[in-house]
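Here's a quick briefing to read alongside your structure. Have the chain open in your viewer and follow the topics one by one.

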Amino acid sequence: MKVLRALVAAILSAPFVAVAQSPHTHEHRFSGAERWAKVFDDPARDAWQKPHEVIAALSPAPDSVVADIGSGTGYFAVRLAHFVPKGRVYGVDTEPDMVKYLDERAKREGLANLVSVAGRPGDAALPAKVDLVLMVDVYHHLSDRESYFSKLRGSLKTGARVAIIDFRLDAPSGPPKKERIAPAQVKAELAKAGYSIAKEHEFLPNQFFLVFEAAKP
């Protein structure tokens with residue numbers, strides 16, 4: 001997925017990243033998932049991504065069904081699977097090698113409740129309805145967002161939430177500034193797709209964190 005390129009750019013621009021973790025990302029596809037996992041799942045990322053705080057803020061119930069759209073090598077998906085031991089996590093990605101890698105990782109780590117899903121650019125292709133959707137650094141890559149999120153509503157359980165995390169306009173790292181989207185625009189676009197803002201968290205240093213619910217008829 002293109003989002004993985006943005007993630008690499010963010011990681012590589014961070015001051016704590018070693019030169020050895022600085023490949024020329026514009027020259028490669030993300031087909032070498034095993035190699036890319038060393039970058040995407042680098043513990044140093046935790047300092048600014050704050051994965052545990054993100055999941056704690058969302059606080060899914062132990063039996064929740066969660067979709068991590070744009071899951072890559074499983075940075076969030078694996079953590080979510082541990083957080084919902086009686087539920088299920090769908091790790092969705094459009095890059096075949098990432099889908100394969102996450103499937104193998106789930107088996108290797110004994111996470112029977114983590115399912116790797118091959119999504120499509122315009123459709124998450126979720127196999128079942130979910131209680132929570134998490135999208136980290138994915139939103140600005142979607143081309144027809146109103147259509148995408150309108151379609152996604154059909155995969156949401158009653159009362160389900162959609163959490164969107166992406167880089168702020170003034171963040172020192174992340175995708176090119178011309179590709180970033182302001183939180184106000186995200187709210188406006190989601191409103192057109194039938195969602196209402198439920199919560200806004202402000203503890204991430206480089207990203208906004210918005211939580212939506214499908215608007216009631």
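Contact here means heavy atoms within 4.5 Å. With that in hand, L152 touches I69, A124, L126, V133, V162 and Y195, leaving out residues up to four places away in sequence. Keep in mind that this is a predicted model, where local features need pLDDT of at least 70 and side-chain atom pairs count only at pLDDT 80 or more, while totals for chains, interfaces and linings use all residues. Residues are numbered from 1 along each chain as its sequence is written, and side-chain values use heavy atoms, with hydrogens and water left out.

**The chain overall**

- The chain has eight helices and seven strands; these are DSSP runs (helices H or I, at least four residues; strands E, at least two), numbered from the N terminus.
- Of its 217 residues, 51% count as buried, where buried means under 20% relative accessible area, exposed over 50%, and partly exposed in between (1.4 Å probe, protein chains only).
- Take the contacts between residues at least 6 apart in sequence: 70% of them join residues at least 24 apart.

**Nonpolar cores**

- A nonpolar core is a set of buried Ala, Val, Leu, Ile, Met, Phe, Trp, Tyr and Cys residues joined through side-chain atoms within 4.5 Å.
- The largest one has 29 residues, and I69, V133, F149, L152, I164, V186 and Y195 have the most contacts inside it.
- At least two residues of this core come from each of β1 (65–69), β2 (88–93), β4 (130–136), α7 (145–152), β5 (156–167), α8 (183–192) and β7 (207–214).
- β5 gives the largest share of this core, four residues.
- There's also a second, separate core of 24 residues, with L58, A77, V78 and L102 among them.

**L152**

- L152 sits in helix α7 and counts as buried at 3% relative accessibility.
- L152 and A125 are 27 residues apart in sequence, and their C-alpha atoms are 8.8 Å apart in space.

**Q49**

- Is Q49 buried or exposed? Q49 is buried, with a relative accessible area of 0%.
- Q49 is found in helix α3 (residues 46–49).
- Its side chain makes a polar contact with the side chain of Q207 at 2.9 Å. A polar contact is a pair of N or O atoms within 3.5 Å; within protein, one must be able to donate a hydrogen and the other to accept it, and residues adjacent in sequence count only if both atoms are side-chain atoms.
- Setting aside neighbours within four places in sequence, Q49 is in contact with V54, Y75, F76, V136, D137, I165, L204 and Q207.

**Positive phi**

- Most residues other than glycine have a negative phi.
- D137 has a phi near 60 degrees, a positive value in a residue other than glycine. D137 lies in the loop between β4 and α7 and is buried, with a relative accessible area of 1%.
- S59 has a phi near 45 degrees, again positive in a residue other than glycine. S59 lies in the loop between α4 (51–58) and β1 and is partly exposed at 47% relative accessibility.
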